[in-house]
Amino acid sequence: MAKIPYDLILLQEEYQSFLGRPLTNQLGNQFQTANQILQVKPNGQIIIDAVAAGSVNTLLSDLSRLGLQNFAIAGRTISGSLPIAALDQAASLTSLQFLNPAYRPITNVGLTTSQGDQATRANLMGNNLGLTGIGTTVGILSDSFGRRSDLATTALQDVSNGDLPGPGNPNGFTTAVNILDDGASGSLIDEGRAMAQLIHDLAPAANLAFHTAFGGQAGFAQGILDLANAGATVIVDDVFNLAEPFFQDGPIAQAVDEVVANGIPYFSSAGNTARQSYQSAFVNSGVSFTSGQLPVAVQPGNTNPGGFFGGIAHDFDPG
């Protein structure tokens, strides 16, 4: 099992334990995991990101035989839904370099009723300059659009209330939202519909299109390209993907670069994480990093020991 992480090994054990229980003790005969950052479906599948050791088509063929569904490809990465029971078989594939769960992305959602129309002065531009978004199509990436049935309103009610475009909109905006992929995993909150409501306030004459960003890294990347191919002239997301690399462009960033190179502006949310951050005055660790060597203690009185960009490392955990 060296090609898959420990949390997937635990998930497989958890699933096997579930299958061994009497059906009367299984909640609706649907599997639920205790690990809430995994995207697990009630039918016993998990959304994964798999990287090919060689040919991505060979890996796709191998994973398809194991039950892979709803897949997308970006470079050598394949994202899709794989049966939990097939994880051990997947881990033994020679065509696989490694396989990770597509950890549940974070939607940057706030708690305040939006006043964005006034804050951005879009209302003044619309009233005074006639800028209503007509002729544009805004592509939206988030978790889902119309998956939940227990929210305050449905998408159809949003249309009739004037919060979304579509047939029945009292303001005459009859072009319905183009839903390319509404997501397939559980615990979705229709954050994409909330974004569409905000955009409709800002640019009421703009066309809207939606694609889930909760399909793994390759699925997210494919969603960006699909929105562009569907005619989006602007694309926005509110998603932070936990597996995106920091020091190089992964599949998602590469897809962003591709659409931007084709003249489509792309905007990603910057936060709404409030106090969930790190802040500290500099704490001298007494350690300097010399390029290519192990850390060495800083000598007393040596304020510029070289390495680590010519400075001293900050101590994130004093003591």
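**A close look at helix H9**

In H9, five residues are buried, namely Pro251, Ile252, Ala255, Val256 and Val259 (buried means under 20% relative accessible area, exposed over 50% and partly exposed in between, with a 1.4 Å probe and protein chains only). Seen down the axis of H9, these buried residues fall within an arc of 140 degrees, so they line one face of the helix; the arc is taken over the directions from the helix axis to the C-beta atoms. The model is predicted, with local features needing pLDDT of at least 70 and side-chain atom pairs counting only at pLDDT 80 or more, while totals for chains, interfaces and linings use all residues. Residues are numbered from 1 along each chain as its sequence is written, and side-chain values use heavy atoms, with hydrogens and water left out.

The buried residues of H9 pack against E2, E3, H8 and strand E11 (266-268), where contact means heavy atoms within 4.5 Å. Helices (H or I, at least four residues) and strands (E, at least two) are DSSP runs numbered from the N terminus. After H9 comes Gly263, which has a positive phi near 90 degrees.

**The partner helix**

H8 (residues 216-229) and H9 (residues 251-261) pack at an angle of about 10 degrees, and their axes are 8 Å apart. Axes are lines fitted to C-alpha atoms, for helices over the stretch in contact, and angles run from 0 to 180 degrees between N-to-C directions. The two helices, H8 and H9, are therefore roughly parallel to each other, a label for angles under 35 degrees, with over 145 counting as roughly antiparallel, 65 to 115 as roughly perpendicular and the rest as oblique. From H8, Gln217, Phe220, Ala221, Ile224, Leu225 and Ala228 meet Pro251, Ile252, Ala255, Val256, Glu258 and Val259 of H9. By class, this contact has ten nonpolar, one polar and one charged residues (Ala, Val, Leu, Ile, Met, Phe, Trp, Tyr, Cys and Pro count as nonpolar, Asp, Glu, Lys and Arg as charged, and the others, Gly among them, as polar).

**The sheets around these helices**

H8 also lies across E1, E2 and strand E3 (77-83), running at about 75 degrees to E2. These strands belong to an open sheet of four strands in the order E2-E3-E1-E4, with antiparallel pairing; two strands pair if DSSP finds at least two bridges between them. Its edge strands, E2 (69-74) and E4 (96-101), each pair on one side only, and the twist averages 25 degrees from one strand to the next. Within this sheet E1 (residues 45-52) and E4 are joined by five antiparallel bridges, and Ile48 stands opposite Pro101 in E4.

E11, also packed against by the buried residues of H9, belongs to a second open sheet, whose five strands follow the order E7-E8-E6-E9-E11 with parallel pairing. E7 (178-181) and E11 stand at the edges with a single partner strand each, so one side of each has no neighbour in the sheet. Four bridges join E6 to E9 (residues 234-237), the two running parallel, and in E9 the bridge partner of Val138 is Val234.
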